[in-house]
Amino acid sequence: MASAPPPPPLVCTIQTVESRWSGQPIPGIRQLEQQQFQIDRGGGKPSIDPATVIESRLTPLVERFSSSGVEQIERSGMTYHWSYEAPLGPLQFSNGGGSTSPARDSRVAVSGDLIIDVQNGFKLSQQSRLTQSGGTQTLSSLLETAHGSCHEQR
């Protein structure tokens, strides 16, 4: 007896986004609305493309990427967690008093969670934390929460 063909990939589109900055906002860091990612459900364990879920100017710079892989939860959908770091090079920040500090090498650490429900709706939350290279003090952080839906690719 022939096995059933694998289900078609799910194409997911971000529809609404809420962003909250702590510290100094970084203009143009990324645009989430209408971005898409795909869930390949064939061949055993599902996978997500791109693995970072969100494409941005950071994507080519990704270092130390890790993910949980897509976890299917019986009758309640799928979850996915990812994290990575990226070097940003020298950035200059104003210190609130109108003066600027010297430019220093900076890094961003990103972590995110994706929950896809059984009706193929999803909630995505991603936190980005900007620090000086070699330092632990957060210079700026961004929390993004997005919602959207997925449909089978035909």
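Me: How many disulfides does the structure hold?
Reply: This is a predicted model. A disulfide is a covalent bond between the sulfur atoms of two cysteines. Counting such links here, the structure holds one.

Me: Which residues form the disulfide, and how far apart are their sulfur atoms?
Reply: A pair of cysteine sulfur atoms counts as a disulfide within 2.5 Å. Cysteine 12 and cysteine 150 form the link. Their sulfur atoms lie apart by 2.1 Å.

Me: Which strands hold cysteine 12 and cysteine 150, and how many residues apart are they?
Reply: Cysteine 12 sits in strand S1, residues 10-23. Cysteine 150 sits in strand S9, residues 138-152. The pair links distant parts of the chain, and the separation is 138 residues.

Me: Is the link of cysteine 12 and cysteine 150 right-handed or left-handed?
Reply: Look at the angle about the S-S bond. For cysteine 12 and cysteine 150 it is 105 degrees. The link is right-handed.

Me: Is cysteine 12 buried or exposed?
Reply: Buried means under 20% relative accessible area. Cysteine 150 is buried. Cysteine 12 is also buried.

Me: In S8, which residue is the bridge partner of aspartate 113?
Reply: Strand S7 (residues 104-116) pairs with strand S8 (residues 121-132) in the antiparallel sense, over 11 bridges. They form a hairpin with four residues between them. The partner of aspartate 113 in S8 is serine 125.

Me: Which residue in the turn between S8 and S9 has a positive phi?
Reply: S8 and S9 run antiparallel, joined by 11 bridges. Glycine 121 stands opposite serine 149 in S9. The hairpin leaves five residues between the strands. With a phi of about 80 degrees, the residue in the turn is glycine 134.

Methods:
Residues are numbered from 1 along each chain as its sequence is written. This is a predicted model: local features need pLDDT of at least 70, side-chain atom pairs count only at pLDDT 80 or more; totals for chains, interfaces and linings use all residues. Side-chain values use heavy atoms; hydrogens and water are left out. Helices (H or I, at least four residues) and strands (E, at least two) are DSSP runs, numbered from the N terminus. Buried means under 20% relative accessible area, exposed over 50%, partly exposed in between (1.4 Å probe, protein chains only). Two strands pair if DSSP finds at least two bridges between them.
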